[in-house]
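Hi there,

Here is the structure I promised to pass on to you. Have a look at it first, and then read my notes below.

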Amino acid sequence: MLEKNKLYTIWVYLQAEPLFWLTLTIGAFLVGDYLYKKSKLNPLVNPVAISILLVASILIATGISYERYFNGAKFIHFMLGPATVALAIPIYKQIHLIKKETTSIFISLIAGSLFAIFSTYFFAKLMKLDIEIIYSMMPRSVTAPIAMGISELIGGVPSLTAIITILTGIVGASFGTFALDILRVKDMTARGFAFGLASHGIGTARAMSRNETAGIFAALALGLSGVATSIIIPLLFKLINF
Amino acid sequence: MLKSIFIIFLFQLIGESIQKYFELTIPGPVIGLILLLISLILTKSTKNIFITKTKEEITTTSNFIIGYLSLLFVPIGVGVVMHLSYLENNYIEVLGVIFFSTVLTIGFTALLMEIINNQFKKHARKK
């Protein structure tokens, strides 16, 4: 009885400290990454999705609130900012390729961003979703902090946008490869660019793990589409009555 | 290592300050990325050993962080799973829209870009 009590005391102490949640997050990710590599980089075995489900099931099983978990795991979350800044390095390394494709980058950026926004609006209307949900969905293809900012601006619900945006990243990373293989797109710059444009950071991470050139163009699209979409959507709302 | 972490943090800090000051919708880290990229381009042909050494160090650190980019999405992703109830009774519809729109956007964008690139290549060959 005493032993059990002691274990419980240790658990109470540990679950209040970041160390436990950091170890759990990294451990879950190593499992996801191992399975991803074992599957020979099969897009359906997405390491992010696997580790998210592992951690979430542990939280649900132990009855720990997300807020308590995040309070510990926020140090990992924090690194998203520096990682974004660090993307300047691979972009710089491929600047000659980017200069060579400036025109196609610019046209694909504008056309692709408009396609993402209008197809979302079209399918959401088709599904007869509430207008508030539609507004929350429209900026979903860009990185979460930008998407949430746009959502707030146009009358969406930012927290709903965060959920939809992350789901978009996982869907893009898991199914985008199939679309590109069916269409027989071989150009690595085009493949990567499409991933970054349509499914932001999670899509970029997937592209980076497959091919360096694709990864760099994904990172480029991630940054550019974030800027483009935050200009396009408010502009569209001024021009058209959605 | 420490020097490169300091520089990356510093650029984010400057980016965040600019974003707050001008009330921009572009996130601070993206502004930090742009500023770091500009600095790298401006110091491209420098022979200063301190600068070239620092750039090498930043490259090593950046490659390390970017190598684990996927991991960084786990904490916020867990939040998504725990708050799925926000979608109320619209799960299937919302997932359907995300699925079709995302896959089509990836296909459309990649195909368009490949076609334009091929046009340019043909053009260049003719010359």
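Let me start with the aromatic rings: there are 15 aromatic pairs over all chains, where rings of Phe, Tyr and Trp (its six-membered ring) pair if their centres lie within 6.5 Å, and planes under 30 degrees apart count as stacked, over 60 as edge-to-face and the rest as tilted. Tyr66(A) and Phe70(A) are a tilted pair, because their ring centres are 5.7 Å apart and their planes stand at 45°. These two residues sit four apart in helix α4 (residues 66-78) of chain A, which means about one helical turn separates them; helices here are DSSP runs of H or I with at least four residues, numbered from the N terminus. Tyr66(A) is buried at 12% relative accessible area, while Phe70(A) is partly exposed at 23%. For these words, buried means under 20% relative accessible area, exposed over 50%, and partly exposed in between (1.4 Å probe, protein chains only).

Phe122(A) and Phe123(A) make an edge-to-face pair, with 5.4 Å from centre to centre and 65° between the planes. Phe122(A) is partly exposed at 48%, and Phe123(A) is buried at 16%. Ring pairs also join Trp11(A), Phe20(A), Trp21(A), Tyr66(A), Tyr69(A) and Phe70(A) into a cluster.

A word on how to read all this: the model is predicted, so local features need pLDDT of at least 70 and side-chain atom pairs count only at pLDDT 80 or more, while totals for chains, interfaces and linings use all residues. Residues are numbered from 1 along each chain as its sequence is written, chains are lettered from A and ligands numbered from 1 in the order in which they are written, and side-chain values use heavy atoms, leaving out hydrogens and water.

Next, the core. Leaving out residues up to four places away in sequence, Val78(B) touches several residues, including Ile52(A), Leu59(A) and Tyr69(A); contact means heavy atoms within 4.5 Å.

Finally, which residues does Ser119(A) contact, beyond its neighbours within four places in sequence? They are Ser101(B) and Thr105(B). Ser119(A) lies in helix α8 (residues 102-126) of chain A and is buried at 10%.

Enjoy exploring!
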